[in-house]
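Hi everyone, thanks for coming.

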Amino acid sequence: MTIKKQTIKQRVSYWLKQLLILIVMFSAIAWVVDQWRSRDVEVNNFPSISGLSLTGEAIDVTVLSAEEPVLVYFWGTWCPVCRSVSPSVESIANFYPVVSVAIASGSNSEINDYMQEHGYHFPVINDADNRSASDWSVHVTPTLIIIKEGRLQSYTSGFTSLPGIWWRMWLAS
């Protein structure tokens, strides 16, 4: 009995196929989870997200989303998962409009200190009374919402990777 040795090319081809299968399966599972998580959100009847940023700039997500998708990021300074997602949001903010809503995270100056300490530059609306979070049925942080032309395109919560955010933003474009 002879054992046929695989060439390096065959091994690489095999592992690339396995990786592709895993990516497709993971993407399908992520899509199903996103649909399940967003089941409580009324797609056609959502409140506007607007307010003043920590720097005093007026923000209106509907206006911002007229030409390109906007990432709306509900988070908290107290949220351990947000510490993993916020750097990805910072990266996305270099290419797309981002509006973040800090939930129950203290005063404007406390949030500003947190932003400076971590090197984040995306705009922040302070949701000290949780009104915006409640209006948007946000029960888990972080929650990432993508709005394009004033319409909800994507709604996900919990940990989301940078490729996951890029993928959602690309689909919304």
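Predicted model: local features only at pLDDT ≥ 70, side-chain atom pairs only at ≥ 80, totals over all residues.

Okay, the overview. The protein has six helices and seven strands. If you read the elements off from the N terminus, you get α-β-β-α-β-α-β-α-β-α-β-β-α. There are 173 residues, and 39% of them are buried. And if you take the contacts with a separation of 6 or more, 70% of those come from residues 24 or more positions apart.

Now let's look at strand β3, residues 70-75.

In β3 both faces are covered. On one side you find Val70, Val72 and Phe74, on the other Leu71, Tyr73 and Trp75, and every one of these is buried.

And which strands does β3 pair with? One is β6, residues 143-148, which is antiparallel to β3 and connected to it over five bridges. If you want a place to look, find Leu71, which sits opposite Ile146 in β6. The other one I'd like to show you is β4, which runs parallel to β3 and is also joined by five bridges. There, Tyr73 has Ser100 of β4 as its bridge partner. To get from β3 to β4, the chain passes through α3, and this β-α-β crossover is right-handed.

Next up, helix α4, residues 108-118. Which of its residues are buried? They are Ile111, Tyr114 and Met115. These three span an arc of only 100° around the axis, which is why they end up on the same side of α4.

On the face turned away from the buried side, α4 carries the exposed residues Gln116 and Glu117. And just after the helix comes Gly119, with a positive phi of about 75°.

Let's move on to aromatic rings. When we describe a pair of them, we give the distance of the centres and the angle of the planes. This structure holds nine aromatic pairs. Take Trp75 and Phe122: their centres are 6.3 Å apart with 90° between the planes, an edge-to-face pair. Trp75 is in strand β3 and Phe122 in the loop between α4 and β5, so this pair links distant parts of the chain, 47 residues apart. Both Trp75 and Phe122 are buried.

Compare that with Trp167 and Trp170. Their ring centres are 5.4 Å apart and the planes are at 25°, so this pair is stacked. Both of them lie in helix α6, residues 162-172, three residues apart, or about one turn of the helix. Are they buried or exposed? Trp167 and Trp170 are both exposed.

There's also an aromatic cluster, made up of Tyr73, Trp75, Tyr114, Tyr120 and Phe122. You've met Tyr73 and Trp75 in β3, and Tyr114 in α4.

On to salt bridges. A search of the whole structure turns up two. One joins Asp129 and Arg131, with the closest N and O atoms 3.8 Å apart. Asp129 is exposed because its relative accessibility is 51%, and Arg131 counts as exposed too, at 57%. The other joins Lys148 and Glu149, where the closest N and O atoms are 3.7 Å apart. Here Lys148 is buried, at 12% relative accessibility, while Glu149 is exposed, at 53%.

Last stop: Ala128, in the loop between β5 and α5 (131-135). With 53% relative accessibility, Ala128 counts as exposed. Leaving out residues up to four places away in sequence, Ala128 touches Ala102 and Ala104. The C-alpha atoms of Ala128 and Ser105 are separated by 6.6 Å, although the two residues are 23 apart along the chain.

Note on methods:
Residues numbered from 1 in each chain as written. Heavy atoms only, no water. Buried < 20%, exposed > 50% of the residue type's maximum accessible area, 1.4 Å probe, protein only. Helix = DSSP H or I, 4+ residues; strand = E, 2+ residues; numbered from the N terminus. Arc of directions from axis to C-beta. Contact = heavy atoms within 4.5 Å. Pairing = 2+ DSSP bridges. Right-handed = clockwise from strand over helix to strand, strands pointing away. Salt bridge = Lys/Arg side-chain N within 4 Å of Asp/Glu carboxyl O. Phe/Tyr/Trp six-rings, centres within 6.5 Å; stacked < 30°, edge-to-face > 60°.
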